[in-house]
Amino acid sequence: MRKLVMAAAALAASLALGATAIAQEKLKVGFIYVGPVGDFGWSYQHDQGRLALEKKFGAKIETSYLENVPENDSERSIEQLARSGHKLIFTTSFGFMEPTLKVAKKFPDVKFEHATGFKQAPNVATYAAKFHEGRYIIGQIAGKMTKTNTVGYIVSFPIPEVIAGINAFMLGAQSVNPNLKVKIVWVNTWFDPGKEADAAKALLAQGADILVQHTDSAAAMQEAEKAGKHAFGQASDMIKFGPKAQYTSIVDDWSAYYIGRVQAALDGTWKSGDVWGGLAQDMVHMAAYTNLPDDVKKMAEETQAAIKSGKLNPFKGPILKQDGTEVVKAGENLADKDILSMNWYVKGVDDKIPQ
Amino acid sequence: MRIDLEPRGAPSRMLEILAPVAAFAVALLIGGLVVWLLGKSPVRAFQVYFVEPLTQGWSLQEIAVKAAPLALIATGLAFCFRANVWNIGAEGQFIVGGAIGGWIGLLTHGGAGQGVLGSWWILPAMLIAGALAGAAYAMIPALLRVRLGVSEILTSLMLVYVAELWLDYMVRGPWKDPKGFNFPVTVTFDSSATLPLLVEGGRLHAGVLLALVAVAVATVIFARSLFGFEVRLVGAAPRAARFAGFSEKRLAVAVLAISGAAAGLAGIAEVSGQIGQLQTSISPGYGFTAIIVAFLGRLSPPGILVAALVLALTYIGGEGAQIALKLPLDMTKAFQGVLLMCVLAADVFTRYRVRIVTGGRA
């Protein structure tokens, strides 16, 4: 019994000591995730970014996260991080926009970073990734590799990021294969392995020999692997779910951005702003090109290098809408704001945007 | 050997008070053990989970904000459940109430349609519209039950999905913020369409008062009114109620209307007071959680209030535990489950006596 009491006292003392030491030096960095960290998709990738921070900064920072936070009840969770001494807080889903702004107003000395939003404040920066750059590349690969000229495309919600992804994919595909058709299935979820698997099966049954997904689970990849077909992964590298099926994955890599922002906060140079990074910033990262013949692999690598260097813009003109009206003339690029608010398809997409 | 549960007749007052306390203590022991196995200090966990949220002004406000919709919906559900009407669709009524009430906020955004009236009427209109819409939505299962004999358990549950998809459609389409880069959110409400805060700079909004009023009114109705008696009688002894001249059908419609209105009111209070705009989803499952709250509170309004507060505390404390102790969210959820199990088990032990019968017939 006495041993137990002494152990408890020692524990309490060490806790108290630890607490005062932390309060002095460490920068506390908080994260709000919309999904579970184990989803192997969106939230998982943000958590990889958090782990990269811990590795890089070690004892200089302390990180915490709240996972599975419902977007419609997130203000309290964000405030809880701000109140518990976190001075830099990443809110990593679009739906956290208004709550983030509200909490930021109450805590002017706390810095906030909101992913994929469009409203900034002096202490709220926004950041997002040009996933469509990766989608242009996989469009080209699909255009070369399909034998049935039919690609199945599983999508979550009709928000601009997803629409722009479909368009970039189509433009990439058309640049090498004008006959490619996409079949689109809206599953109305970011993460539901059951639904995604059903959509994948249906698309394969309709003659698709390549699956593309803009949802987060590995279900489609697994279905493609089972059927002996091919697929592209999304959010994280899904090669272990489809060692024979995966051509590549479009990986969200937030590490570099997070490290830069934490460094800025530590240096006192943090400023609000809006960052939209792509392949060049390594925010969008292509997993290794696998199961491809050398010439296609070479083409993909060249396209990736061209986009990275700025030589190639996936949304370069001329671009025609579905009905044939011209949006961008030859020699010009589509403006960023038009990509960020995209709600139309390019010519050749045989689908109607759900309204 | 076998174990028998014998009804105790009327459980003693003492036991009724002690049972939840004992349940809480057992849940704490189990939770503490798990925390200890995870290599963290159970004492610190207890502190973060249950003590700290109760010692700070802001977290007390948060508990009230989280408990309010639960208490309001559960109070409405108590009418249904007491009368043996199984409204499982409060989530849907919550959504429809929030959406229709919020629609008025959208229509009047930026001073539109206010004319000479000014803007004083907007909030009351939103609240009334929310309650009416919730009640109207509950009328679908009510009419299907009394006219066609369809089970309201199924219909009310199915209508939750209809409501969710309808709101999703409206926010992606007609109600979308025109300046919102095509993202599925509406404009944020003007201050004339936002429930006022009770504490400057805090989060406690006037919707919390609605829950308190509902609990008080329901307490009086159950204790003092003929209608309260009717609800209980029809639920407990339908045959006797028929002899007394009470109509089961009329009552089913009435209690569904009441619970629908309560859920709808909770919905618009949440939208106007907490969220401040319409989104594709406006409820983290309040309508379903409220069913648990109703039963934890033993279908009595004051009990429901306590149950809602305790459940709210576990949410806030759970987040604190994630931050301060790096305990996973799953731990919080597991603990909530353990707590519910213990409370229900304690309930059984207060109403039944456990007897171990040895020998006896095979």
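Predicted model: local features only at pLDDT ≥ 70, side-chain atom pairs only at ≥ 80, totals over all residues.
## Interfaces between and within chains A and B

Across the interface of domain 1 and domain 2 of chain B, five residue pairs are in polar contact, both residues of each pair being at pLDDT 80 or more. Chain B is assigned a domain 1 made of residues 1-40 + 327-362 and a domain 2 made of residues 69-325, while chain A is divided into domain 1 (26-129) and domain 2 (131-251 + 284-340).

**Between the domains of chain B**

- The C-alpha centres of domain 1 of chain B and domain 2 of chain B lie 31 Å apart, and the contact draws twelve residues from domain 1 of chain B and eleven residues from domain 2 of chain B.
- About 1100 Å² is buried between domain 1 of chain B and domain 2 of chain B, with carbon and sulfur atoms giving 61% of that area; B:Leu327, B:Gln336 and B:Leu340 supply 44% of what domain 1 of chain B buries against domain 2 of chain B, more than any other three residues.
- One salt bridge is counted between domain 1 of chain B and domain 2 of chain B, and the side chains of B:Arg298 and B:Asp347 meet in a salt bridge with an N to O distance of 2.4 Å.
- On the side of domain 1 of chain B that touches domain 2 of chain B, the elements giving two or more residues are helix H1 (13-37) and H13 of chain B, and the largest share, seven residues, comes from H13(B).
- By class, that side of domain 1 of chain B, where it touches domain 2 of chain B, has seven nonpolar, two polar and three charged residues.

**Between the domains of chain A**

- In chain A, the C-alpha centres of domain 1 and domain 2 lie 29 Å apart, and eight residues of domain 1 of chain A are in contact with nine residues of domain 2 of chain A.
- The area buried between domain 1 of chain A and domain 2 of chain A is about 790 Å², of which 63% comes from carbon and sulfur atoms; A:Phe40, A:Trp42 and A:Ala129 supply 59% of the area that domain 1 of chain A buries against domain 2 of chain A, more than any other three residues.
- Zero salt bridges are counted between domain 1 of chain A and domain 2 of chain A, whereas two residue pairs there are in polar contact, with both residues at pLDDT 80 or more.
- Helix H2 (residues 42-57) of chain A gives the most to the side of domain 1 of chain A that touches domain 2 of chain A, with three residues, and the residues of that side divide into four nonpolar, three polar and one charged.

**Between chain A and chain B**

- The contact between the chains takes 39 residues from chain B and 39 residues from chain A, and the two chains bury about 3300 Å² between them, 55% of it on carbon and sulfur atoms.
- Four salt bridges are counted between chain B and chain A, and A:Asp73 forms a salt bridge with B:Lys66 in which the closest N and O atoms are 2.4 Å apart.
- Between chain B and chain A, 13 residue pairs are in polar contact, both at pLDDT 80 or more.
- The elements that give two or more residues to the side of chain B that touches chain A are helix H3 (57-82), helix H6 (152-172), helix H10 (248-275), helix H12 (301-324) and helix H13 (329-351) of chain B, and H12(B) gives the most to that side, with five residues.
- The residues of the side of chain B that touches chain A divide into 14 nonpolar, 14 polar and eleven charged.

How values were computed
Residues numbered from 1 in each chain as written. Chains lettered and ligands numbered in written order. Heavy atoms only, no water. Contact = heavy atoms within 4.5 Å. Buried area = accessible area lost by both parts, 1.4 Å probe. Polar contact = N/O pair within 3.5 Å; in protein donor to acceptor, adjacent residues only side chain to side chain. Helix = DSSP H or I, 4+ residues; strand = E, 2+ residues; numbered from the N terminus. Nonpolar A, V, L, I, M, F, W, Y, C, P; charged D, E, K, R; others polar. Domains from an automatic or database assignment.
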